[in-house]
Amino acid sequence: MAAEPAVVFAEVDKHFGAHQVLRRVSLSIAEGECVAVIGPSGSGKSTLIRCINGLESIGAGTLTVLGRAVPGLDARGLTRLRGEIGMVFQSFNLYPHLTVLQNVTLAPRKAKGMRAGEAEALARRLLERVHLADKAAAYPAQLSGGQQQRVAIARALAMEPRLLLFDEPTSALDPEMIREVLDVIGALAADGITMAIVTHEMNFARSIADRIVFMDHGAIVEVGPPGQVMSAPREPRTRDFMALIRH
């Protein structure tokens with residue numbers, strides 16, 4: 001039996017004032033699926049991701065996330081939903097006055113009421129998973145950008161989310177730091193965590209994603225397996241974009 005969708009957009013529109021940023025978007029993401037969202041800057045990719053956990057509201061259509069209609073949630077319901085969604089942003093957003101270990105344990109202790117010892121044990125397991133076990137006592141300023149982003153990933157995982165969202169997780173990193181972050185995300189995808197990733201790293205998207213979503217001017221232009229969308233796109237706009245980034 002097919003997996004139940006974790007996310008379902010149906011004819012979703014979104015405006016910022018007079019500017020329409022999402023246009024009749026329909027997309028489903030299955031449980032356990034990894035979807036990479038690509039497209040030119042300003043195409044609506046980040047807005048699409050931010051709508052999933054309610055950081056942006058939709059203007060029209062319907063959006064269902066983990067079985068719940070997001071537009072109908074009150075503040076408590078939205079908080080509860082966000083507790084099941086991990087999000088990693090372009091900027092790391094770590095607390096500079098807290099150690100790495102404290103950054104990772106904060107959310108499970110405050111949001112889930114986890115006991116301190118249990119939260120610390122979980123955090124240490126996750127830091128091991130992102131290859132930063134030896135940095136537990138360090139402060140963010142003592143880490144490289146790539147290390148800070150891996151701490152941010154561990155922090156997102158500490159909530160034991162059903163769904164992980166990544167909004168350009170490597171865009172703020174120097175080139176030599178990008179690979180260490182992509183390797184960690186790739187390992188998570190291999191574990192079968194449901195993921196949606198906005199990225200400009202095309203080789204990474206091809207290697208990690210079950211499906212590629214190509215967006216342009218707020219609309220989903222093409223969706224399909226990486227090989228089809230990136231090597232044999234059906235839509236002219238997709239072909240133009242892929243030709244442009246190959247040069």
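Val-100, Asn-103 and Val-104 of helix 3 meet Val-151, Ala-154 and Arg-155 of helix 5. By type, this contact splits into 4 nonpolar residues, 1 polar and 1 charged. The model is predicted. The two axes cross at roughly 30 degrees. Angles under 35 degrees count as roughly parallel, so helix 3 and helix 5 are roughly parallel to each other. Their crossing is right-handed.

Helix 3 also packs against helix 4. The crossing there is right-handed. On the helix 3 side, the contact uses Val-100, Leu-101, Val-104, Thr-105 and Arg-109. Helix 4 supplies Ala-116, Ala-119, Glu-120, Ala-123, Arg-124 and Leu-127. These residues divide into 7 nonpolar, 1 polar and 3 charged. The axes of helix 3 and helix 4 cross at roughly 125 degrees, and the two helices are therefore oblique to each other.

| Helix pair | Residues | Axes come within | Crossing angle |
|---|---|---|---|
| Helix 3 and helix 4 | 100-112 and 116-129 | 9 Å | roughly 125 degrees |
| Helix 3 and helix 5 | 100-112 and 145-157 | 8 Å | roughly 30 degrees |

Next, the nonpolar cores. Which residues have the most contacts inside the largest one? They are Leu-127, Ile-153, Phe-166, Ile-185 and Met-195, in a core of 53 residues. Helix 6 (residues 175-190) gives the most to this core, with 8 residues.

Leu-127 touches Val-100, Leu-101 and Val-104, among others. Its partners also include Leu-132, Ala-133, Ala-136 and Ala-154. Residues up to four places away in sequence are not counted here.

Another core, of 29 residues, lies apart from the largest one. Among its members are Ala-6, Leu-48, Met-87 and Val-213.

Key:
Residues numbered from 1 in each chain as written. Predicted model: local features only at pLDDT ≥ 70, side-chain atom pairs only at ≥ 80, totals over all residues. Heavy atoms only, no water. Axes fitted to C-alpha atoms, helices over the stretch in contact; angles between N-to-C directions. Helix = DSSP H or I, 4+ residues; strand = E, 2+ residues; numbered from the N terminus. Parallel < 35°, antiparallel > 145°, perpendicular 65-115°, else oblique. Left-handed = near helix turned anticlockwise from the far one by under 90°. Contact = heavy atoms within 4.5 Å. Nonpolar A, V, L, I, M, F, W, Y, C, P; charged D, E, K, R; others polar. Core = buried A, V, L, I, M, F, W, Y, C linked by side-chain atoms within 4.5 Å. Buried < 20%, exposed > 50% of the residue type's maximum accessible area, 1.4 Å probe, protein only.
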